[in-house]
Amino acid sequence: MINKVKTKDIKLGMYVLLPKKWFAHPFLKNEFIIDSPGQIAKLLEAGIAEVSIDTERSIFPREETKVKVVSEAIKASQSITPARPIIPPDLQEAIHDKKMPPAQKAQAIKHHSVVMIQRLMENPSRESITEAKKGISEVVDVVLAEDSTNQQLLALTTHDYNTYVHSVNVGLLAISLAKSIFKGSDIHDMHELGAGFFLHDIGKVKVDINIILKPAVLTDEEMLEIRKHPQYGYDILKQTNQSSEECRKVVLQHHERDNGRGYPHGLKGDEIHLYGRICSLADVFDALSAKRPYKQSLRPFEALNVMKEEMLEHFHKELFQKFVLLFH
Ligand SMILES: [Fe+2]
């Protein structure tokens with residue numbers, strides 16, 4: 001029998017079934033017996049609140065073991081946090097592996113980039129930002145230099161939504177668009193630009209987590225709070241002094257819209273920096289593509305169609321056309 005169990009209630013000996021999608025969890029296998037507190041720690045750390053358990057394949061321990069296992073798991077999760085590098089070694093390994101097939105490389109880069117952004121957003125210190133920017137620069141270099149891996153990265157679709165996955169999706173989409181627009185030009189600092197795209201939502205770390213995770217449409221008051229995140233993000237990057245003004249502009253302007261209906265400043269048309277406009281296209285596309293508790297996910301074609309039919313006045317038209325061409 002298959003039961004749903006809260007991760008904090010997992011016991012040693014339970015046979016867990018994880019989603020088959022590679023990006024949904026940090027394990028190599030999708031199903032296995034829990035035989036160490038470290039595995040529960042890893043699930044908690046990945047933000048997985050609930051798992052499926054196959055009771056017939058589980059070997060249940062005594063009830064009192066549960067308390068010990070959970071407390072050890074929490075301890076393990078806390079004890080590994082300070083020592084963790086912001087850039088997962090697996091990310092660098094995948095980036096520098098010249099023989100890895102593009103599809104596999106794209107999956108590895110995406111998965112480990114999400115881990116990197118999660119680690120950064122859990123502790124957005126000056127040091128963490130410096131480190132993450134190095135990792136982002138390496139990912140940007142792959143996108144710029146390896147067309148086949150770039151194509152595979154664009155072909156990966158993830159319907160599960162959280163801020164970390166979204167940040168990486170937007171980072172990859174926006175840098176791919178910037179690559180197609182700025183081809184042959186060396187006046188743009190693609191590393192700073194990439195940092196702005198990947199870190200566009202970093203300001204969400206200052207917004208109440210209950211608003212971020214609310215599984216429903218937000219109230220007006222909550223909406224007002226969440227609309228502060230571009231300014232929060234700009235301030236974080238400014239205070240830590242780890243970014244250029246262009247990078248910070250991306251963060252500040254990614255919710256501005258061509259028709260002036262965006263936020264935080266309601267800028268119109270050319271008042272919005274080109275970099276901010278690139279990021280807004282990627283941001284809206286990924287938001288439409290994602291599945292949320294209150295809405296279905298859209299396929300790339302459907303998301304582009306909604307943007308064209310219902311939202312075209314939000315965007316720079318030629319930029320939107322170039323964005324569409326990324327998916328051809
Ligand atoms: Fe945002």
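Reply: A residue is called buried if 20 or more other C-beta atoms lie within 10 Å of its own, exposed if 12 or fewer do, and partly exposed in between, with C-beta atoms placed from the backbone. Phe27 has 15 C-beta neighbours inside 10 Å and therefore counts as partly exposed. This is a predicted model, in which local features need pLDDT of at least 70 and side-chain atom pairs count only at pLDDT 80 or more, while totals for chains, interfaces and linings use all residues. Residues are numbered from 1 along each chain as its sequence is written.

Phe27 lies in the loop between strand E2 (15-17) and strand E3 (31-33); strands (E, at least two residues) and helices (H or I, at least four) are DSSP runs numbered from the N terminus. The C-alpha atom of Phe27 is 8.9 Å from that of Gln39, which is 12 residues away along the chain.

Now to the core, meaning a set of buried Ala, Val, Leu, Ile, Met, Phe, Trp, Tyr and Cys residues joined through C-beta atoms within 7 Å. The largest nonpolar core holds 56 residues, of which Ala174, Phe197, Leu281 and Ala282 touch the most other members. Helix H7 (residues 163-182) supplies the largest share of this core, 10 residues. Leu281, once neighbours within four places in sequence are set aside, is in contact (C-beta atoms within 7 Å) with Leu177, Phe315, Leu319, Phe320 and Phe323.

Two helix pairs complete the picture. Helix H8 (residues 190-198) packs with helix H12 (residues 245-253) at an angle of about 25 degrees, their axes being 8 Å apart; axes are lines fitted to C-alpha atoms over the stretch in contact, and angles run from 0 to 180 degrees between N-to-C directions. H8 and H12 are therefore roughly parallel, since angles under 35 degrees count as roughly parallel, over 145 as roughly antiparallel, 65 to 115 as roughly perpendicular and the rest as oblique. Their contact is made by Glu192, Leu193, Ala195, Gly196 and Phe197 of H8 together with Glu246, Cys247, Val250 and Val251 of H12.

The axes of helix H13 (residues 274-289) and helix H14 (residues 300-310) come within 9 Å and cross at roughly 125 degrees, which means that H13 is oblique to H14. Here Val284, Phe285, Leu288 and Ser289 in H13 meet Pro300, Ala303, Val306 and Met307 in H14.

Conventions. Contact = placed C-beta atoms within 7 Å.
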